Amino acid sequence: MPAIHSASLYAAIEKPAAYDLHTHTHHSDGALAPTAMVQRAAANGIRVLALTDHDDVSGLAEARAAAAALGIRLIDGVEISVTWRDHTIHVLGLGIDPAHPGLAAGLAGVRAGRDVRAEQIAAALEALGFDGALAGARRHATNPALVSRTHFARWLVERGTVKDLSAAFRRYLGQGQPGYVPQQWAALGDALDWIRASGGDAVIAHPGRYPLRDSELDALIAEFREGGGAALEVVSGSHSDAEAHVFAARTRRFGLRASCGSDFHADGESRFDAGRLPALPAGCTPVWQDWAPA
Ligand code: AMP
Ligand code: MN
Ligand code: MN
Ligand code: MN
């Protein structure tokens, strides 16, 4: 084996990545409008940007216009919430057709489930004495069809209950905490079918974030690949240097491609700014290998 672990990927990010394939806008739980997100990406030197809002594609039209005006390439994307064996997994669709009826219907179903969950989360927070939780979270959500835990977390910070988002998840909204409501998201096979039917490549987002044993992670990746999945997100705002190398090795072992994305949501909330992420480790096949050149 070559000594791929010797150089730290994350030690010094000298030049911006040309590709950032995981970003959010206020159409889900990001803070920026699509135009502002695209402008920020362009200013940071990105040439190919995927917008991947949670369970929603309504920001893509505005982003496309902004990208055309700035001469950068926009990849139509989405980040689908999936339940696999009682675990929530995020699957990115890159290069999807946002107008595809099967994809649109699937995402509408996931969003409907979010509405019910938001009411349940609010009830759980109210039981702790935090009045006005639903209205508070909704005030932070620009897209009324997409209320996420992040919006509850921002409201908890705003009312002074916690000092930052991380504390909101640690104390109230994370799994096992009193404001956590288990949710049945899309089935993995369905999410893969929607993405593929609409012409997209499916990518397992931030695989290092799931509390899965190695054997479970391998089972997930095997099932994902059998269902037509294309890539693992290797470089991510959620990954350490060591994790990037671990997942690079897994792409080789499973014959999958590799993706990279900041998962940028908002100033002060995200580890990497859009495009400020390290290169893929050597020996990965990028997910964009068969796309038209940038
Ligand atoms: P939801 O899809 O509504 O369950 O919300 C999930 C979102 O919450 C993720 O996409 C992240 O943006 C955010 N999130 C999850 N865990 C944390 C955390 N520990 N700190 C900050 N944000 C988090
Ligand atoms: Mn998010
Ligand atoms: Mn995610
Ligand atoms: Mn994300």
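## Close-up views of a predicted model

**View 1. Where helices H3 and H5 touch.** In H3, the residues Arg-117, Ala-118, Ile-121, Ala-122 and Leu-125 meet Arg-149, Phe-152 and Trp-155 of H5. Sorted by class, this contact holds six nonpolar and two charged residues, with no polar ones. Keep in mind as you look around that this is a predicted model.

**View 2. How helices H3 and H5 are arranged.** To describe two packed helices, we give the angle between their axes and the distance between those axes. Here, H3 spans residues 101-127 and H5 spans residues 149-158; they pack at about 30°, and their axes are 11 Å apart. Because angles under 35 degrees count as roughly parallel, H3 is roughly parallel to H5. The crossing of H3 past H5 is right-handed.

View 3. For comparison, ideal angles for six octahedral donors are 90 or 180 degrees.

View 4. The manganese ion (ligand 3) is 5.5 Å from the manganese ion (ligand 2). Asp-29 sits in the loop between strand S1 (19-20) and helix H1 (34-43), while His-265 belongs to the segment after strand S8 (257-261), so this pair ties together parts that are 236 residues apart in sequence.

Technical notes. Residues are numbered from 1 along each chain as its sequence is written. Chains are lettered from A and ligands numbered from 1 in the order in which they are written. This is a predicted model: local features need pLDDT of at least 70, side-chain atom pairs count only at pLDDT 80 or more; totals for chains, interfaces and linings use all residues. Side-chain values use heavy atoms; hydrogens and water are left out. Axes are lines fitted to C-alpha atoms, for helices over the stretch in contact, and angles run from 0 to 180 degrees between N-to-C directions. Helices (H or I, at least four residues) and strands (E, at least two) are DSSP runs, numbered from the N terminus. Angles under 35 degrees count as roughly parallel, over 145 as roughly antiparallel, 65 to 115 as roughly perpendicular and the rest as oblique. A crossing is left-handed if the near helix is turned anticlockwise from the far one by less than a right angle, and right-handed if clockwise. Contact means heavy atoms within 4.5 Å. Ala, Val, Leu, Ile, Met, Phe, Trp, Tyr, Cys and Pro count as nonpolar, Asp, Glu, Lys and Arg as charged, and the others, Gly among them, as polar. Donors are N, O and S atoms within 2.8 Å of the metal (3.2 Å for Na, K and Ca); water is not among the atoms, so sites may look incomplete.
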